[in-house]
Amino acid sequence: MSGPLQNLQPPGWPAPKGYSNGMAGHGKVVLVGGQVGWDEAGRFAEGFVAQTERALRNILAVLKEAGAGPEHIGRLTWYVVDMEEYRGCLPDLGRAYRAVMGRNFPAMALVQVVALAEPEARVEIEATAILPG
């Protein structure tokens with residue numbers, strides 16, 4: 001295992017693009033509740049990509065409290081209110097993701113939901129991280 005987490009890729013499976021099929025690690029588990037694209041004052045960023053970037057930065061702020069960073073994230077679960085909106089901005093979304101998370105691609109799930117708790121939110125993201133211990 002190189003780094004804090006091991007990428008799990010079954011033999012013969014096609015390589016995933018922008019995520020991992022599975023991750024393994026051992027140590028302290030950090031659970032980050034769903035983060036939306038608002039700043040410290042509760043102001044939402046404009047647009048899906050900007051909200052996603054802010055939600056990812058919020059995840060990293062919570063992880064920092066545990067001494068963790070993007071390299072410790074083993075799983076992200078994304079909730080979006082409009083799958084077509086997500087698909088329509090993939091190139092810009094990829095750039096924004098890498099600007100915040102670097103080349104760390106944990107196991108991910110993406111789910112479309114009818115609504116999120118915050119009416120202005122376009123995306124909400126949960127994270128699970130594992131710190132070596």
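## Overall size

With 133 residues, a compact globule would have a radius of gyration near 14 Å, and the value of 15 Å for the chain agrees with this. The radius is taken over C-alpha atoms, and the globule rule is 2.2 Å times the number of residues to the power 0.38. The C-alpha trace spans about 40 × 35 × 25 Å along its principal axes.

This is a predicted model, in which local features need pLDDT of at least 70 and side-chain atom pairs count only at pLDDT 80 or more, while totals for chains, interfaces and linings use all residues. Residues are numbered from 1 along each chain as its sequence is written, and side-chain values use heavy atoms, without hydrogens and water.

## Elements and strand pairing

The chain holds 3 helices and 6 strands, in the order β-β-β-α-β-α-α-β-β from the N terminus. Both kinds of element are DSSP runs numbered from the N terminus: helices are H or I with at least four residues, strands E with at least two.

Strand β6 (residues 123-132) pairs with β3 (residues 27-36) in the antiparallel sense through 8 bridges; two strands pair if DSSP finds at least two bridges between them. Here Val 32 stands opposite Ala 127 of β6. Strand β4 (residues 73-80) is also antiparallel to β6, with 7 bridges, and Val 80 has Val 123 as its bridge partner.

## Burial

In β6, 7 of the 10 residues are buried, that is, under 20% relative accessible area with a 1.4 Å probe, protein chains only. For the chain, 38% of the 133 residues are buried.

Methods:
Buried < 20%, exposed > 50% of the residue type's maximum accessible area, 1.4 Å probe, protein only.
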